[in-house]
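I opened a new notebook page for this protein. My plan was to look things up one at a time and write down what I found.

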Amino acid sequence: MVTSIASLALYDRGVRIITRRTLMEFWESQKDAEKPLREWEKKVKSNEWTNWGELKQTFGSADQVGSCTVFDVGNNRWRLIARINYRRGLVYTLKVMTHADYDRKDPRNRRRSLWESECGCHEPPPTRKARS
């Protein structure tokens, strides 16, 4: 089977979401969240951001918190926490939560929300071990 360069390019278009399961588990527990999360997913997949500025043009209410990006979903009813790898075109969905969960403070560090401590968005990225 011969594959043309043009058809291969179709696979490189748009951002890939890893993992969709995070979205599905949330909308199964919050039935009214399915439509807004699917809309968010569709918008993400139809873009090819190379930097924060381009993402911000698509999602004007998005915020950066450490190494995470926080999206308002469903007219600000829910928060979606993700990490973005612009170079590879990947969005890693870490968590979707209600505003109450998003605002819950970490009892060990009252300056941060609990989700911030749990996801490690203020920690440096892990170091890669050298191959021997």
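**Overall.** I looked up burial first. Buried residues come to 33% of the 132 residues in the protein. Here buried means under 20% relative accessible area, exposed means over 50%, and partly exposed lies in between (1.4 Å probe, protein chains only). I noted that this is a predicted model, where local features need pLDDT of at least 70, side-chain atom pairs count only at pLDDT 80 or more, and totals for chains, interfaces and linings use all residues. Residues are numbered from 1 along each chain as its sequence is written, and side-chain values use heavy atoms, with hydrogens and water left out.

**Confidence.** I checked pLDDT, the predictor's confidence in each residue, from 0 to 100. The protein averages 84, and 84% of the residues score at least 70. Residues 1–12 have a pLDDT below 50. Beyond near neighbours in sequence, that stretch has two contacts in the model. A contact means heavy atoms within 4.5 Å.

**Layout.** I listed the secondary structure: six helices and seven strands. Helices (H or I, at least four residues) and strands (E, at least two) are DSSP runs, numbered from the N terminus. Along the sequence the pattern reads α-β-α-α-α-β-β-β-β-α-β-β-α. Of the contacts with a separation of 6 or more, 42% come from residues 24 or more positions apart.

**Strand 4.** I asked how many of the eight residues of strand 4 are buried. Six are, so strand 4 (residues 78–85) is largely enclosed by the rest of the structure. I then looked up its partners; two strands pair if DSSP finds at least two bridges between them. Strand 3 (residues 68–73) pairs with strand 4 in the antiparallel sense over five bridges. V70 has I81 of strand 4 as its bridge partner. Strand 5 (residues 90–98) also runs antiparallel to strand 4, and eight bridges join them. W78 stands opposite T98 in strand 5.

R79 is buried, at a relative accessible area of 13%. Leaving aside neighbours within four places in sequence, R79 has contacts including V70, F71, D72, K95 and Y102.

**The two hairpins.** Strand 3 and strand 4 form a hairpin with four residues between them. In its turn, G74 has a positive phi of about 65°. N75 has a positive phi of about 55° although it is not a glycine. N75 is exposed, at 81% relative accessibility. N76, in the loop between strand 3 and strand 4, has a positive phi near 75° and is not a glycine either. N76 is partly exposed, at 35%. The hairpin of strand 4 and strand 5 also has four residues between the strands, and G89 there takes a positive phi near 70°.

**Helix 2.** I asked which residues of helix 2 (residues 20–29) are buried. They are T22, L23, F26 and W27. They cover an arc of only 120° around the axis, which puts them on the same side of helix 2. The arc is that of the directions from the helix axis to the C-beta atoms. An α-helix has 3.6 residues a turn, so residues three or four places apart point the same way. R21 and S29 are exposed on the face turned away from the buried side. The buried residues pack against helix 3 (34–45), strand 4 and strand 5.

A cis peptide bond joins I18 and T19, with omega about 0°. T19 is in the loop between strand 1 and helix 2.

**Helix 3.** The buried residues of helix 3 are P36, L37, W40, E41 and V44. They cover an arc of only 140° around the axis, which puts them on the same side of helix 3. K35 and K42 are exposed on the other side. The buried residues pack against strand 1 (16–18), helix 2, strand 3, strand 4 and strand 5.

**N47.** My last entry is on N47, in the loop between helix 3 and helix 4 (52–58). Is N47 buried or exposed? N47 is buried, with a relative accessible area of 18%. Leaving aside neighbours within four places in sequence, N47 is in contact with G14, V15 and T58.
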